[in-house]
Amino acid sequence: MPHIPPLPTGPFRFVALDVETASREAASICQIGLACVDHHNAIHAYSVLVNPETPFASFNIELHGIGPQTVAGAATFPEIWQVMAPFLHPYHLVQHSQFDSRAIAAACRAYRLPEPDLSWSDSVRIARKAWPEYLGNGGHGLGHLKKVLELEFTHHDAGEDARASAEVVLLAEERLGAPFEQIAQVKYKAQMSLPIRP
């Protein structure tokens with residue numbers, strides 16, 4: 001089995017997740033990035049390449065720089081998901097827009113894996129609450145938020161985009177003076193097993 005980097009050690013407040021795909025097909029995940037936010041708001045970044053076992057589109061290669069040679073020898077989605085799914089399940093997940101949850105679900109369907117029972121929030125919606133002035137004025141995509149919030153990250157790298165999503169949430173907490181759980185209206189189904197913060 002190909003080497004899969006060890007996942008960060010928790011517990012965490014929440015985990016941001018981002019994927020890159022090989023083509024327009026949502027199931028063609030070629031990279032998964034995580035940004036795990038601990039109780040001191042430190043971000044523990046994680047990234048893993050995925051062999052999508054499908055052709056790459058030239059547009060996607062130009063977008064993120066990942067191609068067939070990049071993922072040669074990388075683990076497939078089922079191999080990675082076997083390790084990652086139990087890690088993610090206790091946490092509330094953040095995605096920037098709703099593509100990432102759709103991609104994970106599509107990949108699970110493509111490989112006939114059980115449908116993931118995960119809890120998600122959208123950091124685009126959180127950003128709209130924190131910075132309503134950008135609606136129709138640049139928007140709340142990561143590209144624009146990178147400029148106006150002075151974030152430093154490499155766009156279209158799953159690990160970097162996940163970290164940026166986590167930073168957006170942390171900055172929104174400061175801006176709104178409220179915790180993530182309140183801003184995102186988190187349902188605690190997925191967090192019942194988490195240790196209580198000391």
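Residues are numbered from 1 along each chain as its sequence is written. In this predicted model local features need pLDDT of at least 70 and side-chain atom pairs pLDDT 80 or more, totals for chains, interfaces and linings use all residues, and side-chain values use heavy atoms, without hydrogens and water.

Trainee: Over how many bridges do β2 and β3 pair?

Mentor: Strands pair if DSSP finds at least two bridges between them. β1 pairs with β2 in the antiparallel sense over eight bridges, with Leu17 opposite Leu34. On β3, Ser47 is the bridge partner of Gly33. β2 and β3 are also antiparallel, and their bridges number seven.

Trainee: Which residues do ring pairs link into a cluster with Tyr91?

Mentor: Rings of Phe, Tyr and Trp (its six-membered ring) pair with centres within 6.5 Å; planes under 30 degrees apart are stacked, over 60 edge-to-face, the rest tilted. Phe12 and Tyr91 form a tilted pair, 5.8 Å centre to centre with 55° between the planes. Phe87 and Tyr91 form another tilted pair, at 5.9 Å and 55°. The residues linked with Tyr91 are Phe12 and Phe87.

Trainee: Why does Phe12 count as buried?

Mentor: Buried means under 20% relative accessible area, exposed over 50%, partly exposed in between (1.4 Å probe, protein chains only). Phe12 counts as buried because its relative accessibility is 1%.

Definitions and conventions: Helices (H or I, at least four residues) and strands (E, at least two) are DSSP runs, numbered from the N terminus.
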